[in-house]
Amino acid sequence: MADQEAPVFNIQRVYLKEASLEQPNSPAILLEQEQPSVEINLGVNAENVAEGVFEITVTATVQTKIQDKTVFLVECKQAGIFEVRNVPDDQMGAVIGIACPQIVYPYLRGNVADLIQRGGFPPVHLAEINFQQMYEQQAAQGSPIITQ
């Protein structure tokens, strides 16, 4: 029986990959008294950047509107570099699609709230996400978890 090496899971780095804040209708829109609607979209991407090394990016887009005019639009990408080796193939997708995004997401939440607040607005706090459910939906749709 061949000896299998122990699984390796290391966080090498978590970093803010991209962030933008747009206020295309300021200052006029800021004088409106109506409450804006808020739309939040999230995504996860995994890229194999080297043998056993993956970049996991969690993306949030937050857009607020009053009627059809944008109050602000925030797009933020938070990424992490993870070393994942000797993990069985049937568990690899879950590690990349669930465990890694769960580590990156709190940083994204903080950066989004901070960016919105620095723009002069009350912070929008992103809700907790069930990455297992998100992963299972993506797998059911046949979407690849890891890109090259």
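These legends describe close-up views of one predicted protein model.

Residues are numbered from 1 along each chain as its sequence is written. Local features need pLDDT of at least 70 and side-chain atom pairs need pLDDT 80 or more, while totals for chains, interfaces and linings use all residues, and side-chain values use heavy atoms, without hydrogens and water.

**View 1**
Helices (H or I, at least four residues) and strands (E, at least two) are DSSP runs, numbered from the N terminus. Along the sequence they follow the pattern β-β-β-β-α-α-β. The C-alpha atoms fill a box of roughly 75 × 30 × 25 Å, taken along the principal axes. The radius of gyration of the protein chain is 18 Å, whereas a compact globule of 148 residues would have one near 15 Å. That radius is taken over C-alpha atoms, and the globule rule is 2.2 Å times the number of residues to the power 0.38. Of the contacts with a separation of 6 or more, 70% join residues 24 or more positions apart; contact means heavy atoms within 4.5 Å.

**View 2. Helix α1 covers residues 89-118.**
Its 30 residues should span 44 Å at 1.5 Å a residue, and the end C-alpha atoms are 43 Å apart, which agrees. The expected span is 1.5 Å times one less than the number of residues. A kink of about 40° in α1 is centred on Val95. The bend at a residue is the angle between axes fitted to the seven residues ending there and the seven starting there. Just after α1, Gly120 takes a positive phi of about 95°.

**View 3. Phe72 and Phe121 form one of three aromatic pairs.**
Rings of Phe, Tyr and Trp (its six-membered ring) pair if their centres lie within 6.5 Å; planes under 30 degrees apart count as stacked, over 60 as edge-to-face and the rest as tilted. The pair of Phe72 and Phe121 is tilted, with 4.7 Å centre to centre and 40° between the planes. Phe72 sits in strand β4 (residues 69-85), and Phe121 in the loop between α1 and α2 (131-140), 49 residues apart. Phe72 is buried at 4% relative accessibility, and Phe121 is buried at 11%. Buried means under 20% relative accessible area, exposed over 50%, and partly exposed in between (1.4 Å probe, protein chains only).

**View 4. Tyr105 and Phe131 form an edge-to-face pair.**
The ring centres of Tyr105 and Phe131 are 5.5 Å apart, and the planes stand at 75°. Tyr105 lies in helix α1 and Phe131 in helix α2, so the pair ties together parts 26 residues apart in sequence. Tyr105 counts as buried at 3% relative accessibility. Phe131 is buried too, with a relative accessible area of 2%.

**View 5. The bond from Ser26 to Pro27 is cis.**
Omega of this peptide bond is near 5°. Pro27 is found in the loop between β1 (8-22) and β2 (37-50). Most residues other than glycine have a negative phi, and most peptide bonds are trans.

**View 6. Gln67 and Asn86 each have a positive phi.**
Neither residue is a glycine. Phi of Gln67 is near 55°. Gln67 lies in the loop between β3 (53-66) and β4, and is exposed, with a relative accessible area of 65%. Phi of Asn86 is about 60°. Asn86 lies in the loop between β4 and α1, and counts as partly exposed at 37% relative accessibility.
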